[in-house]
Amino acid sequence: QVQLVESGGGLVQPGGSLRLSCTASGDSTSTNTMGWYRQVVGKQRERVAFITGDGTTNYADSVKGRFTTSRDSAKNTVYLQMNSLKPEDTAVYYCRDLTRDDWGQGTQVTVSS
């Protein structure tokens, strides 16, 4: 089973940036579709972005133009670069291997002044 570990969350002011990382261990995820999701307490988890094995990306309308996902197959890691952050981006962010349906434990992102 693949273990996914997210990092890079934290507190940032509106307009700021953060980069989340999701590193897989146990097996390679280089050809798998990897997704980023977020969840606010009391709301459904929503998909933010995903990247396929060949590098094709897709974004939710709410983050398009502000977030970018990428991958480094040599490091078995995917990234979510988040720019121009807004208070409504506050959530726990999760990494998911869509091919295997494995989830990471999540990392908190808080956007507040």
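Is D101 buried, partly exposed or exposed, and what is its relative accessible area? In this predicted model, local features need pLDDT of at least 70 and side-chain atom pairs count only at pLDDT 80 or more, whereas totals for chains, interfaces and linings use all residues. Residues are numbered from 1 along each chain as its sequence is written, and side-chain values use heavy atoms, with hydrogens and water left out.

D101 is partly exposed, with a relative accessible area of 43%, where buried means under 20% relative accessible area, exposed over 50% and partly exposed in between, for a 1.4 Å probe and protein chains only. The residue D101 lies in the loop between β9 and β10 (102-103), and, although D101 is not a glycine, its phi is positive, at about 60°. Strands are DSSP runs of E with at least two residues, numbered from the N terminus. A positive phi, of about 50°, is also found at S84, which is not a glycine; S84 lies in the loop between β8 and β9 and is partly exposed, with a relative accessible area of 41%.

Leaving aside neighbours within four places in sequence, V48 is in contact (heavy atoms within 4.5 Å) with residues including W36, F67, L80 and Y93.

Technical notes. Helix = DSSP H or I, 4+ residues; strand = E, 2+ residues; numbered from the N terminus.
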